[in-house]
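Here are my notes on the model, as numbered points. Please read them with the structure open.

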Amino acid sequence: MRGIRLARFGLAIAAAALGACTEQVTAPGQCPNYCPTRRLTLVDTLLRTSIGKDSAFRGYVLPHRAAALLAANLPGIVDSRPLWRFTTIGPRLVVVATDTTQGTIERADSARLQFFITRYDTLERGQTLRLYRLPVTIDTTTTFAMLDPGPFADSLVRTLPLDSLLARPGRRDSITHSVTHVDTLAGDSIVVDTLHRILVSLKLDSSKARYVAADTGKVAYGIRLSADSLASMVVGKDALGATLQWYLVADSLGVPVKRAAPALRGTTLATFVFNPPAARIDSTLAVGGVPAARSVLRLALPRPIRDSVQILRGTLLLVPAVAARGVRADSFLVQARTVFADFGAKSPLVIDLIHVDSARIHVGATDTVRIEITNLLQLWQTDSTKPATIVLSAKPEGSELPEIRFYPSAAAAYRPTIHLTYLQPYPFGVP
Amino acid sequence: MGGMPLAAQDSQYGIRSLGTPGRWESVRARSTAGAFGPFDPLSPLMEASLADLGRLTATAMAGTSFRTATLGNTTSALRETRFPLLLLAGQVAPQLALSAGFTTYLDKSWSVSTRDSVVLSGVNKPFTDLLASDGSVADLRLAAAVRLSRRLALGAAFHVLAGSARLSAQRTFDDTLYHAVRQTADARYDGLGVSGSALVGLTPELTVALWGRSDNRLRTKVAGATTAEIDLPRMAGGGVRFTPSPSARFAAAAAWRSWFHAGPGAFNTWSWSVGAELGSGASPIRLGARGGQLAFGPGPTAPTEFAVAAGTVRAFSQGHALIDLGLERLVRQGSGLDERVWTLLVGITLRP
């Protein structure tokens with residue numbers, strides 16, 4: 001009997017201990033009767049005069065440093081043409097497959113030029129590419145005016161009606177699901193992959209692919225785009241850059257033999273030229289374009305806000321002074337980043353995924369641009385040693401022709417403004 | 001403001017004020033609904049009863065509450081655990097006993113979650129606020145009691161009120177473009193108090209207890225700055241115990257507390273209790289009922305409470321160790337809120 005009592009007693013204590021292990025404290029309530037007397041105070045305000053000392057700078061990404069080549073034919077806006085200069089082949093070529101015997105290259109039999117179009121307007125009709133032979137002396141200082149009038153006027157090599165080639169029946173690859181359209185007469189083809197990129201493959205016969213011994217096979221070409229109306233496309237670069245496959249005729253003990261060059265030729269220069277040149281920087285805040293422009297804004301947060309409040313949301317409001325011009329596909333991102341140190345135009349940017357915010361700029365739109373900068377504002381609150389500087393730049397930088405210009409702080413009615421939402425300090429301990 | 005979940009520990013009635021006052025009773029006294037509180041040397045209510053403690057004794061208690069709170073059309077179940085009492089007492093001279101220990105003076109743990117919305121940039125933005133306090137104010141008591149005669153014992157105590165609470169306020173918008181933010185602070189509380197009591201044996205079977213207490217104020221400091229000083233109440237109470245036989249003891253008690261000065265929503269309170277301890281030997285049965293008013297509430301009148309309690313005790317090691325068990329059913333009502341609480345109490349007492 002005594003044992004049973006003790007067991008019951010133990011069970012009761014164990015039940016109490018189990019109950020003590022967890023807590024459930026959520027219940028319905030009703031304010032104001034069953035809430036604290038003080039509430040969080042939200043402030044939603046516009047800081048109209050906190051941004052100042054703003055300025056714009058151009059030249060951050062030059063055309064030959066851009067991630068892509070821009071082709072555009074936008075009458076009244078811009079005419080942009082990609083250029084390539086391919087590597088040399090050398091004067092001699094292996095003529096016997098089982099030997100290392102080389103023969104002098106006499107001439108070109110043919111060549112195949114391949115390049116990627118990474119973005120194009122599928123709704124635009126009559127898009128046509130024209131390939132021009134350019135002087136091999138082109139370099140990064142070559143301007144549109146040096147080439148037109150000039151090679152772009154009198155050195156047409158091939159014309160590729162892109163639309164008509166795309167309209168031909170295609171053959172779908174069962175593995176890659178890419179679709180190949182072939183012009184058997186001209187020997188050209190295009191391959192549209194699942195990312196809607198177009199691999200253009202142009203056959204150049206001996207009259208179009210000239211082997212100049214003095215240049216040891218170095219050649220340069222340029223592309224001109226046209227369409228029924230506005231036309232704009234992006235041509236690949238680097239990993240998606242242009243290649244040239246030579247098929248050459250070499251001398252083998254007095255006998256001309258045809259041989260393929262042992263390797264694809266890449267480019268030593270891939271750039272683009274355009275007209276008119278980029279507009280000069282003025283008092284507005286320019287962002288984007290080529291060469292890329294950036295604008296630097298300096299923020300002076302009121303001390304009570306910087307030191308005491310908790311920011312829920314901060315939005316940078318920018319009023320366009322000049323809308324971006326181009327075609328619809330030329331929209332781009334404007335991103336706001338901060339800097340490690342404020343050295344003006346050469347301020348090193350903080351590059352991370354947290355302290356960058358962006359807004360898309362649509363061509364022709366003049367609506368107020370809103371960029372979320374909450375993370376930046378919170379960063380400056382937590383570390384007052386960081387310069388409260390915002391750099392506006394385009395993304396991708398130097399790879400879109402349009403640029404946008406915002407009103408600067410000097411334009412009182414349209415100056416950059418911060419829309420700030422924050423919580424005031426809660427009066428802890430106050431009844 | 002819409003309906004909202006609300007989290008509160010002990011009682012929602014204390015959220016808008018100082019907190020929820022603790023009960024200065026051991027498991028034995030609580031099992032009789034507080035009726036034996038003035039006569040229980042291990043309850044930190046009255047000091048004079050220490051004079052009859054005899055030998056060194058230590059006690060501690062824990063309580064687990066299962067609470068159903070009904071507010072409007074919503075009912076929620078809550079569960080919480082507290083360790084509100086630790087006390088050491090003993091006789092240091094033939095007529096003199098001392099005691100030191102702590103009990104909960106104010107429970108300041110609560111958490112309130114509210115749903116609301118605000119128009120920002122012309123768009124209605126719903127959000128959730130979470131305001132919380134986690135802490136308490138403890139009553140550290142140093143008490144002495146002396147038996148002047150067979151009929152009269154006196155006691156006095158000095159009280160130091162000390163405590164802290166971690167306070168937080170958080171707002172989270174449904175629209176994630178608005179970042180969730182949280183503010184926190186540590187609040188510290190302090191105050192002082194004195195109390196005195198007397199135990200008068202009118203007859204061998206009938207004993208009367210009287211007690212009084214005065215606390216000065218509760219000072220709140222946040223980040224080193226005083227944010228509030230709130231007057232604390234004066235209290236007085238008494239009780240009567242009737243022992244017709246060794247196996248039957250009856251008691252009744254009443255108390256008055258002047259919480260009114262603690263600010264808006266505070267009331268002076270009366271409370272009463274009656275109880276009995278039946279049976280002799282190792283496991284008596286304890287019963288009791290109590291009622292009265294709560295110190296804080298949102299309405300024009302003080303909320304009320306009523307409780308019944310029962311319990312027993314089990315002795316071990318020839319009485320050197322005691323385990324007290326109690327069960328209390330409590331109902332609090334007022335200003336639209338209805339709280340119904342089951343509380344399981346466990347006390348451990350050691351008498352080496």
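1. Start with strand β3 of chain A, residues 51-58, in this predicted model. A:Lys53 lies in that strand. Its phi is near 50°, a positive value in a residue other than glycine. Most residues other than glycine have a negative phi. A:Lys53 has 14 other C-beta atoms within 10 Å, so it counts as partly exposed. Buried would take 20 or more, and exposed 12 or fewer.

2. Chain B has a positive phi to check too, at B:Ala223. The value is about 55°, and the residue is not a glycine. B:Ala223 sits in a loop of chain B, between β11 (217-222) and β12 (225-231).

3. Next, look at two peptide bonds in chain A. Most peptide bonds are trans. The bond from A:Asn275 to A:Pro276 is cis, with omega near 0°. A:Pro276 is in the loop that runs between β18 (267-275) and β19 (285-288) of chain A. The bond from A:Val290 to A:Pro291 is also cis, with omega near -15°. A:Pro291 belongs to the loop between β19 and β20 (293-299) of chain A.

4. Which residues have the most contacts inside the largest nonpolar core? They are A:Val235, A:Leu248 and A:Ile390, in a core of 143 residues. Strand β7 of chain A (residues 102-120) gives the most to this core, with eight residues. Domain 1 (42-61 + 291-423) and domain 2 (64-275) of chain A each supply at least three residues to this core.

5. Another core, of 39 residues, lies apart from the largest one. Among its residues are B:Phe250, B:Ala253, B:Ala276 and B:Val346.

6. Finally, helix α6 of chain A, residues 374-382. Its buried residues are A:Leu376, A:Leu377 and A:Trp380. Why do the buried residues of α6(A) line one face of the helix? Seen down the axis, they fall within an arc of 100°, so they line one face. What do they pack against? The partners in chain A are α5 (303-308), β21 (310-318), β23 (332-337) and β26 (389-395).

Note on methods. Residues are numbered from 1 along each chain as its sequence is written. Chains are lettered from A and ligands numbered from 1 in the order in which they are written. This is a predicted model: local features need pLDDT of at least 70, side-chain atom pairs count only at pLDDT 80 or more; totals for chains, interfaces and linings use all residues. Helices (H or I, at least four residues) and strands (E, at least two) are DSSP runs, numbered from the N terminus. A nonpolar core is a set of buried Ala, Val, Leu, Ile, Met, Phe, Trp, Tyr and Cys residues joined through C-beta atoms within 7 Å. Domain bounds come from an automatic or database domain assignment. The arc is that of the directions from the helix axis to the C-beta atoms. Two residues are in contact if their C-beta atoms, placed from the backbone, lie within 7 Å.
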